[in-house]
Amino acid sequence: MKKIFSFALMLMGFATVLTSCKDDRDSNPTIGKPTQFVVNTSPVASQYIQLTPDNRVNLTWSQPNYGYNALATYQVQVGVNKDGNIVWNEKDGADKFLATTYTICDADISGEEIAEAICEIDGVTSEEDYVDQGFREIAFRIKSSIQDSKGNDVPGTVILSNAVNFEHMAAYCAIKSLGSVWIIGNCGGWTEPKAANAEALADWRIYETEIGSKIYNGVVEMPEGDLTFRIYTALTGWDGGNSLGHQEDDVSTECAFTDGVYVDQYVYPGKGSWTFLTYPGGPLEITLDMNQGTIKFEQVK
């Protein structure tokens, strides 16, 4: 009798597991191929627009249908109408999108970013190459995708919108340069990271390995003694939200080199400084990878 009762309980448990698994699968949304993605024609599409570093171009669009209420990432691509054909901005044969991304269906796009893209399409790499081509027809389209934690597109979630045109838009010589970050700490006298101090902070700056790579590398000459510093991605002051560090809170953490190397996962934004006690002085190579969220410090021998 006990065996029969135990067997019955085991069957009930097995049925419960099956039900739980089924319920769990039912709660997970199935990502369908996105559809119904349309960019709206701008009410100023026929007006004359002179791009500047300070103005904005507004675009709105519908949310793609992913089969559920998905949090999509939107990227903007710029094209130029040349002899009746749109030439889209590309790099190495692949579509290239503006650096700024959006999570809502409304964007005020930087005039500087648009002008930089137009210069790239025209093959302008220096001021000597630039030729003012006046007002032209400029096209825009949006890419929608669901991205993973590292900013990569989830396969099957990418969709491109229709193209919308602005009939009269003029660029200017806007050549994109390498991005940079600043090392701020006692090594530089804790000089405030603000625009007015850009010249004073010039020696505490490292640059992208290539434009748009989001990987920064450089060698800085560090003084002898205890080093405490963090990284700033823009000169907007102490509270501009552009600092990255060992942790979120404004406290320092003692770190140690292993065979002259220290690697860490940074927090952004974060004000937690790295501290290296009794640094012998000399060059320190810093590599910041904002794609992977890592930073590496290596003593140069």
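These legends walk through a few close-up views of one predicted model.

Residues are numbered from 1 along each chain as its sequence is written. In this predicted model, local features need pLDDT of at least 70 and side-chain atom pairs count only at pLDDT 80 or more, while totals for chains, interfaces and linings use all residues, and side-chain values use heavy atoms, with hydrogens and water left out.

Figure 1. Helices (H or I, at least four residues) and strands (E, at least two) are DSSP runs, numbered from the N terminus. Of the 301 residues in the chain, 38% are buried (under 20% relative accessible area with a 1.4 Å probe, protein chains only; exposed is over 50%, and partly exposed lies in between). Take the contacts (heavy atoms within 4.5 Å) between residues at least 6 apart in sequence: 69% of them join residues at least 24 apart.

**Figure 2. A nonpolar surface patch formed by Leu 178, Tyr 207 and Ile 211.** Together these residues have about 230 Å² of accessible area, found by the Shrake-Rupley method with a 1.4 Å probe, where only the protein chains shown count as cover for residues. Look for Leu 178 in the loop between strand 11 (164-170) and strand 12 (180-185). Leu 178 counts as partly exposed because its relative accessible area is 37%.

**Figure 3. Glu 137, a residue in strand 9 (residues 136-145).** With a relative accessible area of 27%, Glu 137 is partly exposed. Which residues does Glu 137 touch, not counting residues up to four places away in sequence? They are Gly 79, Val 80, Asn 81, Asn 165, Phe 166 and Glu 167. Although Glu 137 and Asn 165 are 28 residues apart in sequence, they are 6.5 Å apart in space, C-alpha to C-alpha.

**Figure 4. Asn 197, in the loop between strand 12 and strand 13 (205-208).** Is Asn 197 buried or exposed? Asn 197 is buried, because its relative accessible area is 18%. Leaving aside neighbours within four places in sequence, Asn 197 is in contact with Thr 191 and Glu 192.

Definitions and conventions:
Patch = residues over 30% accessible without salt bridge, like charges linked within 9 Å, V, L, I, M, F, W, Y side chains within 5 Å. Salt bridge = Lys/Arg side-chain N within 4 Å of Asp/Glu carboxyl O.
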